[in-house]
Amino acid sequence: MPYAFIVPFSALFILFLIAPILVAMGSSLFTVKSSGLGFGGETAAVFAGIENYVRALTDSDFIASFGRVLLFGVVQVPVMMVLAGGLALLFDSSLVKAKRFFQFAVFLPYAVPGVIAALLWGFLYQPAVSPVIQFLASIGIEANLLAPGTVLWAIANISIWSYTGINMIILFAALQSVPREMYEAARLDGADEVRIAWSIKIPMIWPAFLLTTLSSIIGTLQLFSEPAVLKTITPNISSDFTPNMAVFSAATLGNNANLSSAMAVILGAATLVVSLVIMRVTNRRNGASRDA
């Protein structure tokens with residue numbers, strides 16, 4: 001009888017997580033063959049084994065998209081987490097007045113849907129209409145944020161603007177759970193606020209910091225909305241700029257759902273591997289810290 005309580009969760013888990021994965025894996029093993037050279041002939045799905053996986057892994061544009069998001073994540077995630085951690089520590093100190101207002105101001109961009117955020121920043125990135133770029137031009141600075149060498153960082157700026165606030169809120173909530181008596185004891189021992197933050201606050205919220213970092217890395221691998229929107233205003237973003245865009249492009253522009261399924265499975269496997277590696281490194285570090 002107690003197992004009846006987990007039936008709703010199990011049903012939703014199977015329906016919305018397990019079933020789509022199985023369908024995608026099954027679809028990735030087939031390919032569509034047409035008869036009559038495509039002129040009104042019949043089409044049929046035939047078993048292709050790993051053919052779609054080989055085709056995806058030998059697609060240089062698809063592999064390049066992984067390198068692109070890797071570079072994106074190496075820069076964007078640390079910058080965002082340092083900003084979120086710094087703001088959380090600042091709001092937890094006595095230096096900031098009207099904390100609720102400033103916390104709301106930092107969190108507000110997260111409430112803006114990703115597509116709308118990309119449209120807003122896209123307006124600021126276009127040289128013809130952007131007041132920022134026009135101001136820079138008036139003082140002799142020529143900037144093109146949608147150029148091939150800068151467009152990736154223009155996307156990173158949108159992600160940092162959108163998600164720093166939610167990470168700050170999680171870290172700030174973790175800081176609120178730290179016993180205040182520890183701070184008082186440290187102050188009696190002569191520790192200043194910087195030493196308290198470095199030696200007490202950051203170690204105490206380290207699990208929350210790792211959780212937000214892991215979710216940010218997973219979000220980086222799933223990058224889609226921001227480059228897809230900016231693609232409409234610049235030719236420097238291709239239809240397979242990120243792995244997620246390549247999956248979407250294969251299913252729509254390429255009209256090949258089977259190849260798209262194989263790409264999606266590869267992307268999911270890469271995300272799983274990255275998550276497991278980070279969790280293993282984290283657990284090993286925590287174990288070493290406890291043994292020390």
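Asp 92, Arg 180 and Lys 201 are linked in a network of salt bridges. This is a predicted model, in which local features need pLDDT of at least 70 and side-chain atom pairs count only at pLDDT 80 or more, whereas totals for chains, interfaces and linings use all residues. Residues are numbered from 1 along each chain as its sequence is written, and side-chain values use heavy atoms, leaving out hydrogens and water.

Q: What makes the contact of Arg 180 with Asp 92 a salt bridge?
A: A salt bridge requires a side-chain nitrogen of Lys or Arg within 4 Å of a carboxyl oxygen of Asp or Glu. The closest N and O atoms of Arg 180 and Asp 92 are 3.0 Å apart, so the pair meets this criterion.

Q: What makes Asp 92 and Lys 201 a salt bridge, and which helices hold them?
A: Their closest N and O atoms are 2.9 Å apart. Asp 92 lies in helix H3 and Lys 201 in helix H9 (residues 193-204), so the pair ties together parts 109 residues apart in sequence; helices are DSSP runs of H or I with at least four residues.

Q: Why is Asp 92 called buried?
A: Buried means under 20% relative accessible area, exposed over 50%, and partly exposed in between (1.4 Å probe, protein chains only). Asp 92 has a relative accessible area of 8%, and therefore counts as buried.

Q: Why is Arg 180 called partly exposed?
A: The relative accessibility of Arg 180 is 35%, so the residue counts as partly exposed.

How values were computed
Helix = DSSP H or I, 4+ residues; strand = E, 2+ residues; numbered from the N terminus.
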